[in-house]
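Subject: Structure for your files

Hello,

Here is the structure I said I would pass on. My notes on its pockets and salt bridges follow below it.

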Amino acid sequence: MTTLNNQTARILIGQRVPFTSTTIGAGGVSTTSTQWIDVGIKLEVNPIINVDQRITLKIKPEVSLVTQQTAAGPVIASRLADTTVMIKNNETVVIGGLIREEDRKLGTSVPLLGDLPIIGHLFRRDYNTKERSELLVFITPQIIE
């Protein structure tokens, strides 16, 4: 990503999710409109070059995903960091902590036999999975002259 001094650069790796909203105005007149939400991996960086060749970075990484659709619109889970750091030219800064943990419990069973008391567990199989992901953002600013 390349940007100018004190200019914000943005990147989105994901999709735009639509949802419909209805507004009721004066006199009971309703207006329906479609709005869009960016979902996925987003990164905003705003570099400020200082006199001593140090760079102040305003960094805002975000990870979001649609967890379910409801009548009111999509439910979106987000992980966000918003920080400002000062580093030298060509040094690397790492931002972490955007962690997601998910426990899933799934099962299969033989119809009717899996529901029997006492011996039903012989005809069932349960699956438990645990998923953990962490996003690490590595940024190495370089002054281009």
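**Pockets and salt bridges**

Strand E2 gives the most to the lining of the largest pocket, with four residues. Strands here are DSSP runs of E of at least two residues, numbered from the N terminus. A pocket is an open set of points on a 1 Å grid over the protein atoms alone, where a 1.4 Å probe fits, with protein on both sides within 12 Å along at least five of seven lines; lining residues have an atom within 4 Å of a point.

This is a predicted model, in which local features need pLDDT of at least 70 and side-chain atom pairs count only at pLDDT 80 or more, while totals for chains, interfaces and linings use all residues. Residues are numbered from 1 along each chain as its sequence is written, and side-chain values use heavy atoms, with hydrogens and water left out.

The largest pocket has a volume of about 490 Å³, taken as the space filled by probe spheres set on the points, which are joined across faces, edges and corners. Its lining has 19 residues, with Met1, Thr2, Thr3, Pro141 and Gln142 nearest the centre. Strands E2 (30-49), E3 (54-70) and E7 (124-139) each give two or more residues to that lining. By class, the lining of the largest pocket has 14 nonpolar, five polar and no charged residues (nonpolar: Ala, Val, Leu, Ile, Met, Phe, Trp, Tyr, Cys and Pro; charged: Asp, Glu, Lys and Arg; polar: the others, Gly among them).

The second largest pocket holds about 150 Å³ of space. Among the residues that line the second largest pocket are Arg10, Asp38 and Glu44. Its lining divides into three nonpolar, no polar and six charged residues, and E2 gives the most to it, with four residues.

There are four salt bridges in the structure (a side-chain nitrogen of Lys or Arg within 4 Å of a carboxyl oxygen of Asp or Glu). One of them joins glutamate 44 and arginine 10, at 3.3 Å from N to O. Glutamate 44 is in strand E2 and arginine 10 in strand E1, so this pair ties together parts 34 residues apart in sequence. Arginine 10 is exposed, with a relative accessible area of 59%, and glutamate 44 is partly exposed at 28% (buried is under 20%, exposed over 50%, partly exposed in between, with a 1.4 Å probe and protein chains only).

Aspartate 38 and arginine 16 also form a salt bridge, with their closest N and O atoms 3.3 Å apart.

Regards
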